[in-house]
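Here is a friendly tour to read with the model open beside you. Please keep the viewer handy as you go.

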Amino acid sequence: MSATLTISQAGPALTIQDMGRPGWRAQGLTKGGAADPVALYEGAALLGQPPELAVIEMTGTGGTFTADADIRIALTGATMAASIDGDAIVWNASHMLPAGAKLTIGGTTGGTYGYLHVGGGIASDTLLGARASHLSAGLGQPLAAGDALPLGADKSRETGLQLPRDSRFDGGTVRVVASMQTDHFTADERKRFETTAFTRDPRANRMGVRMDHDGDGFSAEGGLSILSEVIVPGDIQITGDGAPFVLMGECQTTGGYPRIGTVIPRDLPRVAQAASGTAIRFEFITLEQAITLETQHRQDIKALGGQVTPLVRDPAKIRNLLAYQLVGGAISATDNPFEEEH
Amino acid sequence: MTDFPLIQTVGLSGVLVRFADTMSEPANRAALSFRAAVDAADWPEVTETSTSLVSTFLQIDLVAASVDTLLDRLHDLLATRDWYTSDLPTGRRLWHVPTVYGTDLAPQLEEAAELAGLDPDAAIAQLSQARVRVLTIGFAPGQPYMGELPQNWDIPRQQGLTKSVPAGALIVAIRQLIIFTNASPTGWRHIGQTAFKTFRPRSDTPFALSPGDELCFPSISRAEYDKITATDETGQGGAETEVLA
């Protein structure tokens with residue numbers, strides 16, 4: 001029997017996400033998928049399962065969830081206040097959610113997208129080869145109170161593991177390679193782009209993140225009259241008012257605004273996760289540098305399992321402390337405790 | 001002067017082969033046929049291909065692939081023929097998509113007609129007899145950019161955006177037509193309304209149209225349109241289709 005996770009209260013922007021839906025660009029459908037794919041690898045490391053399994057992505061705030069069986073969960077991405085039956089639980093860690101217990105996930109305290117992973121993954125129906133909602137394309141819809149999500153079979157029981165917090169929620173430097181229209185911008189304009197302090201505009205979403213700054217807008221030579229051309233995630237288009245717009249996984253497949261550069265894949269979660277007002281700078285690097293950085297990153301996310309450590313638990317904060325058999329087994333000073341009981 | 005075809009990397013996501021920097025029929029033909037040739041070559045690094053109006057995009061993981069080897073192969077393939085005079089893809093179809101021109105369903109017909117130098121009736125006559133080709137699919141799932149209309153339809157986008165036109169809207173600018181996949185804001189003018197669904201995610205053929213397909217938009221009355229929308233469950237919107245030789 002597989003378990004079901006029921007949503008009793010949902011924040012405004014909860015969706016099912018996975019690695020997205022590649023292969024349909026020619027038909028006008030972008031890959032989409034989790035805004036912060038690194039979080040998928042973190043959840044997978046915490047639960048010891050593949051990163052391709054579907055999760056719940058929570059923008060800004062979470063919701064309230066119950067399961068009809070004991071299930072394992074992991075919480076990653078933007079830190080949110082979370083509790084089980086009122087007892088606070090640690091973010092970036094895995095936990096047991098007992099059957100019927102109420103998991104409450106509140107607002108984010110740093111970053112934008114939080115993720116709720118479950119052992120076995122969310123086993124909703126696939127559409128065009130993936131479970132990810134792609135709202136701008138009309139695939140899927142936001143999760144709502146009353147939704148009951150089927151879960152996949154979970155092969156493990158292990159919980160109580162954590163990962164160190166990553167710095168990608170804090171803004172900072174985002175590295176960019178030249179794009180097909182970079183040379184439409186003068187060297188001076190590109191330099192100004194690199195030395196300008198930007199902040200994430202509050203209207204950012206899964207399609208794109210507008211960057212605010214003080215001072216003049218940016219512009220390409222020859223203005224805006226370029227032919228509509230393919231878009232890849234990370235492309236930074238300069239819109240009519242001169243504001244850079246970093247295009248994310250759920251953007252359109254083509255666009256006619258000039259692009260000053262492309263954010264390298266490993267730094268795109270840094271753009272996605274920046275909270276409104278978080279400071280970001282852009283830095284051009286060469287294609288060779290980008291390939292080196294990206295190769296390293298791919299090794300790092302695959303090795304996340306090696307960074308997982310047991311949660312250090314403060315006995316004063318353990319739920320139901322009295323239910324634990326803290327002294328069980330301490331009955332003899334001479335028995336070998338490692339010998340199996342008969 | 002830029003020499004075309006031009007090969008460029010696109011982020012770390014792939015390589016773009018551009019055949020021109022403005023829309024032209026031969027360059028569109030080149031992009032479509034070059035894509036078909038790349039698909040036929042079946043290079044293992046190429047995970048996906050697509051075309052824009054006058055370019056072909058090859059999705060390639062530039063982190064893992066040898067970029068130099070790929071560029072050599074692309075140059076070799078480009079040198080095999082004159083892509084600008086290629087045949088169009090095979091298996092193309094001709095679609096007749098019933099369309100209500102003007103009325104409250106498509107309120108910018110008169111304004112667009114005036115820009116095209118026609119009175120509304122003459123505009124409807126010209127548009128409903130025009131045959132256009134899918135130049136590219138993009139922006140939204142299954143959404144076709146079709147052209148080219150006669151020269152008098154080289155009308156600019158409007159300065160401001162229309163807040164929203166509905167799915168199935170037929171809109172016009174720069175000698176091209178689009179059927180909208182989803183309700184969306186646009187700078188193009190809304191001249192007709194169809195009941196044709198370009199994207200049918202739960203169907204066996206989720207994307208109705210392919211680049212190279214040709215379309216006509218015969219004029220129907222509001223009553224005929226209402227009858228189609230009341231009965232159509234397929235998304236065809238009353239469209240008929242035939243295979244082009």
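## A strand pair in chain A

Strand E5 (residues 71-84) and strand E7 of chain A run antiparallel and are joined by five bridges; strands count as paired if DSSP finds at least two bridges between them. Ile71(A) has Leu97(A) as its bridge partner in E7(A). Strand E7 covers residues 93-97 of chain A, and four of its five residues are buried, so the rest of the structure largely encloses it. Here a residue is buried if 20 or more other C-beta atoms lie within 10 Å of its own, exposed if 12 or fewer, and partly exposed in between, with C-beta atoms placed from the backbone. Strands (E, at least two residues) and helices (H or I, at least four) are DSSP runs, numbered from the N terminus.

## How to read the model

This is a predicted model, in which local features need pLDDT of at least 70 and side-chain atom pairs count only at pLDDT 80 or more, while totals for chains, interfaces and linings use all residues. Residues are numbered from 1 along each chain as its sequence is written, with chains lettered from A and ligands numbered from 1 in the order in which they are written.

The predictor's confidence in each residue is its pLDDT, on a scale from 0 to 100. For chain A the mean pLDDT is 91, and 90% of the residues reach 70 or more. Residues 328-332 of chain A have pLDDT below 50, and this stretch has one contact in the model beyond near neighbours in sequence. Over residues 335-342 of chain A pLDDT stays under 50 too, and the model has one contact for them beyond four places in sequence. A contact means that the C-beta atoms of two residues, placed from the backbone, lie within 7 Å.

## Two domains in chain A

Chain A is assigned domain 1 (4-161) and domain 2 (168-301), with bounds that come from an automatic or database domain assignment. Their C-alpha centres are 27 Å apart. Where they meet, 19 residues of domain 1 of chain A contact 15 residues of domain 2 of chain A.

On the domain 1 side, helix H1 (37-47) and strand E8 (103-118) of chain A each supply at least two residues. E8(A) gives the most, with four residues. By class, this side has six nonpolar, ten polar and three charged residues. Ala, Val, Leu, Ile, Met, Phe, Trp, Tyr, Cys and Pro count as nonpolar, Asp, Glu, Lys and Arg as charged, and the others, Gly among them, as polar.

## Backbone details

Two residues of chain A deserve a look. Asp85(A), in the loop between E5 and strand E6 (87-88) of chain A, has a positive phi of about 50° although it is not a glycine. Asp85(A) counts as partly exposed, with 13 C-beta neighbours inside 10 Å. Asn92(A), in the loop between E6 and E7 of chain A, has a positive phi of about 60° and is not a glycine either. With 20 C-beta neighbours inside 10 Å, Asn92(A) counts as buried.

In chain B, the peptide bond from Phe4(B) to Pro5(B) is cis, with omega near 0°. Pro5(B) sits in the segment before strand E1 (6-10) of chain B.

Helix H4 (residues 120-129) of chain B has Ala123(B), Ile124(B) and Leu127(B) buried. They lie on the same side of H4(B) because they cover an arc of only 100° around the axis, taken from the directions from the helix axis to the C-beta atoms. Asp121(B), Ala122(B) and Gln129(B) are exposed on the other side of H4(B). The buried residues of H4(B) pack against strand E6 (100-101) and helix H3 (109-115) of chain B.
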